[in-house]
Amino acid sequence: MTGIKAPALDRELKKGSAELLILSLLDARPRHGYELSKLIHTRSGGQLTFHIDSLYPLLYRLEERGWIKGTWVEKPGERRRRFYRVTASGRRVLAQQRQTWEAFVDAVRRVTGGEHA
Amino acid sequence: MPDWAREVRERLSSLRLPPAREAEIVDELSQHLDDRYGELIAAGMSPEDAARAALRLFQSGNVLSKQMASLQQSHAAPPLTPGAPTGHTFSDLGQDLRYAARTFWKQPGFAAAAVLTLALALARPPRSSASFTACC
């Protein structure tokens, strides 16, 4: 994932949030890889971009953990596409990750915003 | 249309993916590149520029292979060929016995005939084996 110009911290923050981003987007409905990458790019205002060689290994990793499930869908006149959906265990992980992320952001905001309050 | 499948396959070649799984990944990533390519063409880009831009979805260096290397699917055992030696005497023996058992199970009549023939031949007294030698 690339985006905001900042070295290690940004890179680690993005890496840490990548699973959360994917699980959140798939929580709404099943999506294919290209749709996921477009949504992340547009919804982040172009700040977050997944390269193809980071996105798919992440999807496969989440699938191996049993958090998401990919299924090939064929429609007449179109190439088959692999759609991913969140599994029950993926939803539990998503709830935990959301909680952790919100607590982390809140804690950082309280520390960094303290002087201006 | 650029050969996306070749681009993806080259990047996966160092992994030990099962062939069917590799074909799926090639298909999926080719589709992604094709979507991007089509989008850029629709936006008015030339086919050459669109192909180059689509390939920039890959980072420099073989990141795909590096990211995939830690996945379980990238370490599939090579397919087992019946009768092919593994290089280990005891595992070869076990493999042969399992193969024989499966074959016998599939053809019980043949297995019974083979076992019976061997049993009769081995049970014959030595004098009879001389008569076999004489006639054949």
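Predicted model: local features only at pLDDT ≥ 70, side-chain atom pairs only at ≥ 80, totals over all residues.
**View 1**

**View 2. Burial along α3(A).** The helix α3(A) is mostly covered, with 10 of its 13 residues buried. Among the buried residues of α3(A) are A:Ile52, A:Asp53, A:Ser54 and A:Leu55. A:Tyr56, A:Pro57, A:Leu58 and A:Leu59 of α3(A) are buried too, and so are A:Tyr60 and A:Leu62.

View 3. An open sheet in chain A is formed by 3 strands in the order β2-β5-β4, with antiparallel pairing. The edge strands, each pairing on one side only, are β2 (31-32) and β4 (68-73) of chain A. Strands of a sheet pair through backbone hydrogen bonds, in a parallel or an antiparallel way. Between β4(A) and β5(A) the antiparallel pairing runs over 6 bridges. A:Val73 has A:Arg81, in β5(A), as its bridge partner. The helix α3(A) packs on this sheet and touches β4 and β5 of chain A. The direction of α3(A) makes about 115 degrees with that of β4(A).

View 4. A:Phe50 belongs to the loop that lies between β3 (48-49) and α3 of chain A. A:Phe50 counts as buried because 24 other C-beta atoms lie within 10 Å, and the cut-off for a buried residue is 20 or more. In sequence, A:Phe50 and A:Ser37 are 13 residues apart, while their C-alpha atoms are 6.0 Å apart in space. Leaving out residues up to four places away in sequence, A:Leu55 touches both A:Phe50 and A:Ser37, as well as A:Gly33 and A:Leu36.

**View 5. The largest nonpolar core.** The largest nonpolar core has 27 residues, of which A:Ile22, A:Leu55, A:Leu59 and A:Ile68 touch the most other members. Elements of chain A that each supply at least two residues of this core are α1 (8-28), α2, α3 and β5. From chain B, α1 (4-12), α2 (19-42) and α3 (47-55) each supply at least two residues as well. The most is given by α3(A), with 7 residues. In soluble globular proteins, nonpolar side chains tend to be buried together.

**View 6. Where chain A touches chain B.** The contact between the chains takes 14 residues from chain A and 15 residues from chain B. On the side of chain A that touches chain B, α2 (33-43), α3 (52-64) and β5 (81-86) of chain A each supply at least two residues. The helix α3(A) gives the most to this side, with 8 residues. By class, this side of chain A has 5 nonpolar, 3 polar and 6 charged residues.

**View 7. Chain B, built from helices.** Chain B has 7 helices and 0 strands, and its pattern along the sequence reads α-α-α-α-α-α-α. Of its 136 residues, 12% count as buried. Among contacts in chain B with a separation of 6 or more, 50% come from residues 24 or more positions apart.

How values were computed
Residues numbered from 1 in each chain as written. Chains lettered and ligands numbered in written order. Contact = placed C-beta atoms within 7 Å. Helix = DSSP H or I, 4+ residues; strand = E, 2+ residues; numbered from the N terminus. Nonpolar A, V, L, I, M, F, W, Y, C, P; charged D, E, K, R; others polar. Pairing = 2+ DSSP bridges. Axes fitted to C-alpha atoms, helices over the stretch in contact; angles between N-to-C directions. Core = buried A, V, L, I, M, F, W, Y, C linked by C-beta atoms within 7 Å.
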